[in-house]
Amino acid sequence: MSRTDRSPRRIALGLAAGGLAAIVFTVSLWLLLHSQDSSSARSMGNGVLVGGAAGFVAAVVGVWRAYRRRDSSTTADRVFAREADERDLTVWRSATSAVGIAALPLTATAAVVLQLGVPVAAVMAVLLISELLVLVGAFLVADRRL
Amino acid sequence: MLNDVRALREAAGLSQAALGTALGVSRQTVNSIETGKYDPSLPLAITIARHFGTTVEEIFHVED
């Protein structure tokens, strides 16, 4: 129910650990993809780096807004900063549930499309982007509805 | 679910942000409760009732 159940130090440690893990994961994935011979793998590595950096910056901005501008922070800010209250968590769970439900027909469609000979990288990219769009759209709808 | 949270808050001279801080939730959540878009959990409803010195049944009313 309340956002104030954890000490500020524990919250800061949690955020720092999460940020560090995200950086290590992104850089490791970039190094792994860049070590491959194919240009498409290296290109994907660059995409991972750009996407990871963009996500990291968005998370930092969200955390800053949640802690420094509490009155004007958004649901997404508070979810990123692990300062979500019960309504924020309800919005987040609604959005992730929508992704879970949408993943079934999306994955089935991807399997069919792969059988038709469409390149795997393209299908996976469209699948990932589609799921992200469902997440963002469902989050916005739930945030407005609740 | 209908409720009297806005009336109680205004009678107490509190802003939505101030009430949110007192309850441990965001201003947005207070607004959603007041407009009936979001029904609080039982623990939060009890916290609201205790904050205003009344009971849950006095504040929240089931729509017929």
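B:Thr29 sits in helix α3 of chain B, which covers residues 27–34. Please keep in mind that this is a predicted model. Is B:Thr29 buried or exposed? With a relative accessibility of 0%, B:Thr29 is classed as buried, because buried means under 20%.

Who are the neighbours of B:Thr29? Leaving aside residues up to four places away in sequence, B:Thr29 touches A:Asp85 and A:Arg87 from chain A, along with B:Tyr38 from chain B. With A:Asp85 there is also a polar contact, made side chain to side chain at 2.6 Å.

From this one residue, let us step back to the interface of chain A and chain B. The contact draws 16 residues from chain A and 15 residues from chain B. About 1,200 Å² of area is buried between the two chains, and carbon and sulfur atoms account for 46% of that area. On the side of chain A that touches chain B, the elements giving two or more residues are α3 (75–80), α4 (86–115) and α5 (120–145) of chain A.

| Class on the chain A side | Residues |
|---|---|
| Nonpolar | two residues |
| Polar | five residues |

For polar contacts, it finds ten residue pairs across the interface, with both residues at pLDDT 80 or more.

Technical notes:
Residues are numbered from 1 along each chain as its sequence is written. Chains are lettered from A and ligands numbered from 1 in the order in which they are written. This is a predicted model: local features need pLDDT of at least 70, side-chain atom pairs count only at pLDDT 80 or more; totals for chains, interfaces and linings use all residues. Side-chain values use heavy atoms; hydrogens and water are left out. Helices (H or I, at least four residues) and strands (E, at least two) are DSSP runs, numbered from the N terminus. Buried means under 20% relative accessible area, exposed over 50%, partly exposed in between (1.4 Å probe, protein chains only). A polar contact is a pair of N or O atoms within 3.5 Å; within protein, one must be able to donate a hydrogen and the other to accept it, and residues adjacent in sequence count only if both atoms are side-chain atoms. Contact means heavy atoms within 4.5 Å. Buried area is the accessible area (1.4 Å probe) that two parts lose on being put together, summed over both. Ala, Val, Leu, Ile, Met, Phe, Trp, Tyr, Cys and Pro count as nonpolar, Asp, Glu, Lys and Arg as charged, and the others, Gly among them, as polar.
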